[in-house]
Amino acid sequence: MEKINKVAVLCGGSSSEREISLQSGEGVHNAICGLGYESDLIDFKNLSNLDELKIYDFIFIALHGFEGEGGKLQKDLEDLNILYSGSGPEACAKTWSKKVTKKILEENNINTPISISISEFTRQVAKNGLNISSFDCFRPFNYLFLKPDEDGSSIDIFKISDDQSLQHAYKKCINHKRGFLFEEYIKGRELTVTVIDNECFPPIEIITKNEFYDYDAKYISDETLHIKAELTQSELDDIKSISLNAFEALNCKAWVRVDLIQDKKGNFYVIEINTVPGMTSHSNVPKSGSFLGFTYSEVVKKIIDASL
């Protein structure tokens with residue numbers, strides 16, 4: 001394991017998750033200082049050149065959105081021979097696209113909801129409605145999800161039931177000019193599993209009063225609950241196996257958060273994999289660690305050690 005002394009925590013940036021990233025960065029930075037490292041907190045927006053990071057032994061990436069999760073940052077850091085936290089460029093690029101992630105999961109016989117992709121959410125898509133052959137793979141259905149292919153913030157996610165709700169989604173959509181997925185709606189429990197150094201931490205169940213785990217439920221509402229999931233030993237073994245299989249299939253490293261849904265029959269489906277999960281004091285990764293008796297700082301140290 002490489003010896004490191006000076007650590008930069010990279011956060012902020014310009015994505016829709018900027019504020020969460022700033023909170024994550026501050027928490028990680030404080031933890032790293034408490035662990036005895038020399039550390040600086042750097043807002044990616046204020047970084048003019050990655051060469052400025054050469055003075056550090058290690059970069060802890062707490063930067064959300066494409067800037068931190070799309071793979072380019074990781075590639076650039078590797079080109080500069082700078083050590084960093086988390087997965088490599090290829091794994092980040094794959095997991096950043098839900099479409100690519102799903103394809104790899106399916107190829108590895110890992111359950112994921114059925115989906116179809118569109119290159120843009122155009123007016124014509126809304127006008128065509130749901131009664132066309134493209135949607136036959138979902139029938140019969142009461143609902144579908146419409147979500148961006150490449151965004152982790154839960155913005156522009158819609159629950160679609162008919163042509164009217166599809167047209168309403170078009171009117172409400174903030175950014176139409178990007179890839180979207182129509183995804184099978186599976187009614188069930190929303191769960192998330194933290195994986196650090198090939199070890200699954202206790203799964204967390206997310207309970208929201210909203211229709212689904214949208215931006216409001218994720219970042220604003222005080223009523224969203226994140227609790228230790230009550231699962232049988234068989235279910236626990238199953239969800240851990242699936243999460244590790246997904247981790248390996250996407251060639252991830254060090255740490256990820258795997259988001260899943262459990263249907264009414266007890267089957268688990270992987271929704272997505274997050275290579276730079278939130279690390280605020282209320283985030284699922286440190287909360288999951290706390291169920292094993294780890295402090296926030298101990299979770300941060302485990303992520304650093306797993307990355308080296």
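Trainee: How many aromatic pairs does a search of the whole structure find?
Mentor: This is a predicted model, in which local features need pLDDT of at least 70 and side-chain atom pairs count only at pLDDT 80 or more, while totals for chains, interfaces and linings use all residues. Residues are numbered from 1 along each chain as its sequence is written, and side-chain values use heavy atoms, with hydrogens and water left out. Rings of Phe, Tyr and Trp (its six-membered ring) pair if their centres lie within 6.5 Å; planes under 30 degrees apart are stacked, over 60 edge-to-face, and the rest tilted. Over the whole structure, the number of aromatic pairs found is 10.

Trainee: Which geometry class does the pair of F121 and Y170 fall into?
Mentor: The ring centres of F121 and Y170 are 5.5 Å apart, and the planes stand at 90° to each other. The class of this aromatic pair is edge-to-face.

Trainee: How many residues apart in the chain are F121 and Y170?
Mentor: Helices (DSSP H or I runs of at least four residues) and strands (E runs of at least two) are numbered from the N terminus. F121 is in the loop between β5 (115–118) and α6 (123–128), whereas Y170 belongs to helix α7 (residues 163–172). The pair thus links distant parts of the chain, and the separation is 49 residues.

Trainee: Are F121 and Y170 buried or exposed?
Mentor: Buried means under 20% relative accessible area, exposed over 50%, and partly exposed in between, with a 1.4 Å probe and protein chains only. On that scale, both F121 and Y170 are buried.

Trainee: Which residues do ring pairs link into a cluster?
Mentor: The cluster is held together by ring pairs as defined above. Its members are F135, F138, F141 and F182.

Trainee: Over the ring of which residue does the charged end of K159 sit?
Mentor: A charge sits over a ring if NZ of Lys or CZ of Arg is within 6 Å of the ring centre and within 35 degrees of the ring normal. Another case is K6, which lies over the face of Y56 at 5.4 Å from the ring centre. For K159 the distance to the ring centre is 4.3 Å, and the ring is that of Y143.

Trainee: Which residue does a cis peptide bond join to R139?
Mentor: Omega of this bond is about -5°.

Trainee: What is the relative accessible area of D156?
Mentor: Phi of D156 is near 65°, a positive value in a residue other than glycine. D156 is found in the loop between β6 and β7 (158–160). D156 is buried, and its relative accessible area is 6%.

Trainee: And where is A254 placed?
Mentor: Phi of A254 is also positive, near 70°, in a residue other than glycine. A254 is buried, with a relative accessible area of 4%. Its place is the loop between α9 (233–249) and β13 (255–263).

Trainee: How many disulfides does the structure hold?
Mentor: A disulfide is a pair of cysteine sulfur atoms within 2.5 Å. The number in the structure is 0.

Trainee: How far from C11 is the nearest cysteine sulfur?
Mentor: C11 is in no disulfide. C11 counts as buried, at 2% relative accessibility. The nearest cysteine sulfur is that of C33, and the distance is 13 Å.
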